[in-house]
Amino acid sequence: MTRAEQIATDLGELVGAEVRITGMASVGAQRATFFIDILDGTTSTPAVAQVSASVLGSVPASAEADMLRLADRAGVPVPDVIAVSDDLPSVGAPALVVSRVEGRTVPRHILRGLTDEAAGESLARQCGEAFARLHTIGEAQAPASLPRLSHTAYVDDLEAKLDVLDNVRPAVRAGLAWLRANPVPEAPITLVHADFRNGNMIVDDNGLAAVLDWELAQVTDPMQDLAWMCLRSWRFGNDAKPVGGFGSVTALRSGYEAAGGSWRDDAVHWWSVARCAWWAIGLAGQAAAFTSGLTDAIMLAASGRRVPELEYDLLRLIADAPTD
Amino acid sequence: MIDRPDAALLLEAMAATLTDKVMPELSGRAQHQARIVANLCRVVARDLADDATDTTAALTALLGTEGSLDDLAATLDHHLAAGELLDEALPLLLADAARRAEVAKPGYTDDTS
């Protein structure tokens, strides 16, 4: 039996029906995503199975399933949870089976699919509404397994990750020093997706159809989510549109506030710097996996040469910081 | 003696061959990897022509000490970790990051709206 057949068999036992793997959506650093059909008698239900390649740094699949259900109840568009296992036998790693939501997921396809400027603004507004609904999920309701992070704890965590890199990055260090020297007021922490951006969402002709990839979720300042959505890395060259390359910050904010969210400009800016630093460290970490021989993947080697972009963006954000 | 074609020309030829001749024959993952390698050939070509003299000079002036670029960067890193020299270092760090970002992706510093 091939590994794919073994995974299909295990997924079948998990959902209680025959499962056929029909394709692979992506092979990420953290997990593989399979398109599957669930065959039950005469009916065939299209679904998606996410099988983790490693449990490093990701939330347990059961916690991810809990979050999808919470988000759904809060009014965030998400796929339905079909089945979940924290330990699929064939891979010895978590697996999550969800309904398949039709639409576009590739960022450049999403941008091409928007017919005019109004469609992009509408999508940005829908994203703002989805964020506001997500952020109604407070600390008490959020899964207990997720980290709770104050601003200070977040920077401490970044510094620990920076310290174990194999090369010195003074630009990132300067970012952390700036974050410590320029604190902003904190607000009640909420469930934060932490990776909701162009590339982790499904868009159809009506706009936002689903928010995907909840594996980085944490409980922290909700402004982190809004900052991450606006990072230059997720504009795919369309820098005139800060929100995912398709919309304005005004549209994102108006959707957020219309759905009851409280937007704090100073915290959004602080988190923009923090997430630039986070992504610079993340990319440098991917490169370190290559230079240390843990992987021979050329894509991870190339990540090392994307770090300067994040460092430049980070330093520009600091240079352009509003003065008080 | 310098052999021809030189490194820069070879790297450009390698990138062009991958882009124009190899990639059209491929699909999916293999095509994606060929695109990454072609891009890295061009990054390396620009890297060979890169010059960090300005950064070294600015670090030497700021820190008042001589050393290799790596040593100077490590010294600045220690100061920044201690909460020192942030404002003084920002201009040279920005200029250095801009130069490296242009090596990685030409045009990156043109527009930051």
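How many Å separate the centres of domain 1 of chain A and domain 2 of chain A, taken over C-alpha atoms?

Modeller: This is a predicted model, in which local features need pLDDT of at least 70 and side-chain atom pairs count only at pLDDT 80 or more, while totals for chains, interfaces and linings use all residues. Residues are numbered from 1 along each chain as its sequence is written, and chains are lettered from A and ligands numbered from 1 in the order in which they are written.

The centres of the two domains of chain A, taken over C-alpha atoms, lie 25 Å apart. Domain 1 covers 3–99 and domain 2 covers 107–319; such bounds come from an automatic or database domain assignment. Each of these domains gives 17 residues to their contact, where two residues are in contact if their C-beta atoms, placed from the backbone, lie within 7 Å. On the side of domain 1 that touches domain 2, twelve residues are nonpolar, three polar and two charged. Here Ala, Val, Leu, Ile, Met, Phe, Trp, Tyr, Cys and Pro count as nonpolar, Asp, Glu, Lys and Arg as charged, and the others, Gly among them, as polar.

The largest nonpolar core holds 111 residues, and Val273(A), Ala277(A), Ala280(A) and Leu314(A) have the most contacts inside it. A nonpolar core is a set of buried Ala, Val, Leu, Ile, Met, Phe, Trp, Tyr and Cys residues joined through C-beta atoms within 7 Å; a residue is buried if 20 or more other C-beta atoms lie within 10 Å of its own. Helix H9 (residues 265–291) of chain A supplies the largest share of this core, 15 residues. Helices are DSSP runs (H or I, at least four residues), and strands are runs of E of at least two, numbered from the N terminus. Not counting residues up to four places away in sequence, Leu314(A) touches Ala171(A), Gly175(A), Val273(A), Cys276(A), Ala277(A) and Ala280(A).

Chain A also meets chain B, in a contact that takes 23 residues from chain A and 28 residues from chain B. Helices H2 (28–48), H4 (69–81) and H5 (86–104) of chain B each give two or more residues to this side of chain B, with H5(B) giving the largest share, ten residues. By class, this side of chain B has 19 nonpolar, five polar and four charged residues.

Chain B itself has five helices and zero strands. Its radius of gyration, taken over C-alpha atoms, is 19 Å, well over the 13 Å that the globule rule gives for 113 residues, so chain B is more spread out than a compact globule. That rule is 2.2 Å times the number of residues to the power 0.38. Of the 113 residues of chain B, 17% count as buried.

Notes: A residue is buried if 20 or more other C-beta atoms lie within 10 Å of its own, exposed if 12 or fewer, and partly exposed in between; C-beta atoms are placed from the backbone.
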